[in-house]
Amino acid sequence: MASTPSSVRVVWDDRFTQYDFGDSHPMNPVRLDLTTRLARALGVLDLPNVEVHPVADEPDLDGFLTQVHTPEFVAAVKAASADPDHADQAFGLGTEDDPAFRGIHETSARIAVATRDLCKAVWEGEVDHGVNYCGGLHHAMADRAAGFCIYNDVALGIKWLLDHGAERVAYVDVDVHHGDGVERIFWDDPRVLTISVHETGRVLFPGTGFPGDIGGPDAQGSAVNVELPAGTGDAGWLRAIHAVVPAVLRAFKPQIMVTQQGCDSHYSDPLAHMAISIDAQRTAFETIHDLAHELCGGRWVALGGGGYELVDVVPRSWTHLTAVAAHHPIDLESAVPQEWRDYVTTLVGRPGPPRMGDGVADGGHVWFRSWATGSDPDNPVDRAVMATREAIFPHHGLDIWFD
């Protein structure tokens, strides 16, 4: 970890919880409220180097959103926002994944504005790091909603950076699902490197993100996909991240990193099939943070994303993310504050986890075998990693065996 505290802006607005597809939908906004309450209870949001900001109003939402999304799609979201019963499924609205609700346009746009504003603040040097764990809506396409995502706040933030002088933006996505929307929007733009480490699309939504998907004709090697087998655990996941992400980032030399830390890779998440602990997720967040300092002078915008174990996983994972960004990592053996557990008991009828970790780490670290020890062709994780290295490394002047 870097030794001197960086200034960190965390964006929070109670109105974020209005991003609500209904009580039966997996993406319940209680996860956002509980994250903020836990971060407050642990003192993370009161650290002297942490600013908590509400969302500023955007006077020209249509002009902002159409920087990435088609005017027809924005018009369809606005129509569904005014009358959810007339949502147009041709635009991905009113579906089981993306039910329409009154105010869906304003609420979704608010999250996107927050991410854009964090990108602006970090790029212009107002703060070193920005955190929006309510963002990371990486499945939204330019012309349709998808995968619980209406507007693609990630792409809108990156587009602002490109329009204001950034020449090399790195996007790293460790959500269990492939970051397809961001990849697709910048598919043929060599200024944006997208890296997604995810469960294989052969068994999981959205069914994309294979090693051979490497970017458009003008941006070969700019899309990096590591598709891991179902059931991958901590050691394999961290090994895969370390075997691909640092080398490609160092070759690309990003000026700023925008990252998506969906925590649905956890072993108790109901929508995926990975076996990752909170302890390993925190280790990955630290790796990403360290790379931002090494390569970008600390310019880092950290976003949330997926995560559907609403009590035991999401609040702890994203509180760790915020604490790592604040250079004040929380010990995995730390007790979850009783005041938070009492609130959770009142809310859902059970107290939630007693500690901030899952008891996996040894001395605060999760063990994994370095790629420098060599690959094992009989290991499915290693085969997945090699497929990505073979497809991507030559485009960046890297050796598939030794870099």
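Here are some friendly notes on this predicted model, point by point.

1. Some ground rules come first. In this predicted model, local features need pLDDT of at least 70 and side-chain atom pairs count only at pLDDT 80 or more, while totals for chains, interfaces and linings use all residues. Residues are numbered from 1 along each chain as its sequence is written, and side-chain values use heavy atoms, with hydrogens and water left out.

2. Start with the sheet. Eight strands form an open sheet with parallel pairing, in the order β2-β1-β3-β8-β7-β4-β5-β6. Strands here are DSSP runs of E with at least two residues, helices are runs of H or I with at least four, and both are numbered from the N terminus; two strands pair if DSSP finds at least two bridges between them. At the edges you will find β2 (50–53) and β6 (223–228), each pairing on one side only.

3. Now look inside the sheet. Strands β7 (residues 256–260) and β8 (residues 300–303) pair in the parallel sense over four bridges, and T259 stands opposite A302 in β8.

4. Next, find D189 in the loop between α6 (180–185) and β5 (192–199). Is D189 buried or exposed? D189 is buried, with a relative accessible area of 14% (buried means under 20%, exposed over 50%, partly exposed in between, using a 1.4 Å probe and protein chains only). Leaving aside neighbours within four places in sequence, D189 is in contact (heavy atoms within 4.5 Å) with L162, A219 and S222.

5. The whole structure holds nine aromatic pairs. Rings of Phe, Tyr and Trp (its six-membered ring) pair if their centres lie within 6.5 Å; planes under 30 degrees apart are stacked, over 60 edge-to-face, and the rest tilted. Why is the pair of Y19 and F101 edge-to-face? The ring centres of Y19 and F101 are 6.4 Å apart and the planes stand at 85°, so the pair is edge-to-face. Y19 and F101 are 82 residues apart in the chain. Y19 is buried at 4% relative accessible area, and F101 is buried at 12%.

6. F148 and Y308 make another edge-to-face pair, 5.6 Å centre to centre with 85° between the planes. F148 lies in the loop between β3 and α5 (153–163) and Y308 in the loop between β8 and α9 (314–325), so the pair ties together parts 160 residues apart in sequence.

7. Finally, enjoy the ring cluster: ring pairs link W12, F16, Y133 and W318.
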